[in-house]
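Please look over the structure shown here.

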Amino acid sequence: MNREKLGIEEVAMLVTNLNALSGSVTYIENVQHDELLSAIFDRSLWNYKPDVMDALIKFIKLLAISSGKYVDRCLEILTHQFCPPDILPLLKILARKDQVLSRVHSALKYIADMMPLSPMRLGPIVLDGMPPDRCSKIRTPSLVIYVENMLKLDLGGFVRNLMLAGVVDLLLNLDLQINNSSKGIFEMEQEDVNESTDHDLNDDSERPRQLSPEAKAIAEKLDSLMVLIFEHLESCGGHLIQTFQTLLDSFMKTVLTAYKSKFSQFVIFYACALDPGNCGVTFALKLEDKFFCSTDFPNIRMSAVAYLASYLSRAKFLSVSVVAGTLERLVDWCFKYIEMQDDEINPEAHRIFYSGCQAIMYILCFRMRSMMGDPQLKPWLVRLPLEWILNNKLSPLKVCLPSIVLEFLRQAKAARLFMTSEKFNFDDFLESELSREFGGMERLDMFFPFDPCLLKKSDSCIRPNFIFWSMVQPTYDDEDSSDEDVGEAFAGDDDDDGGMDYGIMQSLEEQHFDFDEFDSSLNKMSITPKDSLHSRFGGAINQPMRMPSRIRPSTSPESL
């Protein structure tokens, strides 16, 4: 029977029967009445009007507290109402949403009050109700409503923390599904790069591979869910620090180790922006501790310092003193590491050291100008043993990513950061295979997790607290590109742009993307190098080298 078209008498009979059953719940037995219970539990509140909703909710509440054997089943049917039926039109969903869900949460609260242990059983039921394979199939509005109700559950700290961690896991799963559904779209087309100039890289130098409709739909779901959790974090008020701790624990267990996450990490970035003095500093210290922890796996430590460098570079809400404090501790760790070594260049054996050096240079690419402009920080920065760390037998300048090394050296030269009169031979820093080797299969040498978020709605929330490369004022002026000691490493031809671009992340950083353009946008996220520096930038290695005018915001590397 079409439940939408029940007659007045049929509705009255249904309500009467449900009320009669509510008065007889103590007599209901699993075996004898299983078919009856299945018929009742198969009904969705979304298909009925308030009088039927009330009768059904009353029956479920009384059945749940009548004996412990029906609690789980009653919790399951209530949480099943978090997701409206797929066949229900969106307008009806919006019209009935408050009517349905207010009753559901009231019933869950009633059961929790009557049976204090029920929240412990509710958490796993809610999480099991939205498995990963289902998330990618249901409509975006239905998924958003389900997650919204997960976050609304207010049945104590245990449930609240479990729900928040579950939402983070859900975001990460969708994040990784985008990658798996669009395998290969993040790679630059080798033949196009070989045939193009720096300027060509801005338009036809990449041929975006089509993002599948499935991946595009998943990206839309992820974007909507991230905005939802941003709003939830804003509503936490005085509970933000406790909520943040749950987020941080979840991040360290799942997101940090994923390596291919592109978007879900911005949840903790947003939380830090809401409370920079507490959450923002705590996050940086946690990543720092993880990098320094000698008992953790190398990949975990490298991922932590990559997150740390990207975070300190991009977070507009962090004070320069916080960045400087972390930078000093990174430099100190690298300095002590060198003192204990008597080895030559070895990307694999010293990969943690190289990741620390790259993090230092990356941070300074973004922050050097502001530090040199501070009367107190400038002498401090000049006194840091950067030259000792970067110019030694381990040769981090030859191993770390060339784009970062060259941008750092250009700024360091302009800022007179190195006191020695020795001139660096920039041709020594043009290796690419060494970077590939220290990055490992995961390509952690190219992992910049807080590069600009390409999800349109999420980006609009993150943007006010985010430092784009175009906002950075480097220590050099355009005229510096012709200086003698930088020489031909930065010179290039006589194009109208007046020399190389800033070089790290200019191309997509201030664009918004809608999902019609999402396939081409994602394609531009990679800065993955190809077989050699020759093929990557064009021309022979001993020719004057220019940084590509557009180096794409990175993504976690593709799975091998």
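The model is a predicted one. The protein holds 25 helices and zero strands. Of its 560 residues, 56% are buried. Contacts in the protein between residues at least 6 apart in sequence join, in 81% of cases, residues at least 24 apart. The protein has an accessible surface of about 23,800 Å², and carbon and sulfur atoms account for 51% of that area.

The largest nonpolar core has 170 residues, and the members that touch the most others are Phe283, Tyr311, Phe353, Leu381 and Phe408. Helix H17 (residues 351-372) supplies the largest share of this core, with 15 residues. In soluble globular proteins, nonpolar side chains tend to be buried together. Beyond its neighbours within four places in sequence, Phe408 contacts Met361, Leu364, Cys365, Met368, Leu390, Leu417 and Phe418.

Helix H4 spans residues 71-80, and its buried residues are Val71, Cys74, Leu75, Ile77, Leu78 and Thr79. The cover over these buried residues includes helix H2 (34-41), helix H3 (50-66), H5, helix H6 (118-128) and H8.

Two of the covering helices, H5 and H8, are among those named there, and each carries a residue taken up next. Leu91 belongs to helix H5 (residues 90-114), and Thr140 to helix H8 (residues 140-152).

| Residue | Relative accessible area | Class |
|---|---|---|
| Leu91 | 72% | exposed |
| Thr140 | 15% | buried |
| Leu172 | 8% | buried |

Thr140 counts as buried because its relative accessibility of 15% is under the 20% cut-off. Leaving out residues up to four places away in sequence, Thr140 touches Glu220, Lys221 and Ser224.

Leu91 is exposed because its 72% relative accessible area is over the 50% limit. Together with Leu90 and Leu94, Leu91 forms a nonpolar patch on the surface, and the three have about 340 Å² of accessible area together.

Leu172 is buried, at 8% relative accessible area. Not counting residues up to four places away in sequence, Leu172 touches Thr254, Val255, Ala258, Ser261 and Ser264. Gln265 is 93 residues from Leu172 along the chain, and the C-alpha atoms of the two are separated by 8.3 Å.

Technical notes: Residues are numbered from 1 along each chain as its sequence is written. This is a predicted model: local features need pLDDT of at least 70, side-chain atom pairs count only at pLDDT 80 or more; totals for chains, interfaces and linings use all residues. Side-chain values use heavy atoms; hydrogens and water are left out. Helices (H or I, at least four residues) and strands (E, at least two) are DSSP runs, numbered from the N terminus. Buried means under 20% relative accessible area, exposed over 50%, partly exposed in between (1.4 Å probe, protein chains only). Contact means heavy atoms within 4.5 Å. Accessible areas come from the Shrake-Rupley method with a 1.4 Å probe; for residues, only the protein chains shown count as cover. A nonpolar core is a set of buried Ala, Val, Leu, Ile, Met, Phe, Trp, Tyr and Cys residues joined through side-chain atoms within 4.5 Å. Patches are made of residues with over 30% relative accessible area and no salt bridge: like charges are joined within 9 Å, nonpolar side chains (Val, Leu, Ile, Met, Phe, Trp, Tyr) within 5 Å. A salt bridge is a side-chain nitrogen of Lys or Arg within 4 Å of a carboxyl oxygen of Asp or Glu.
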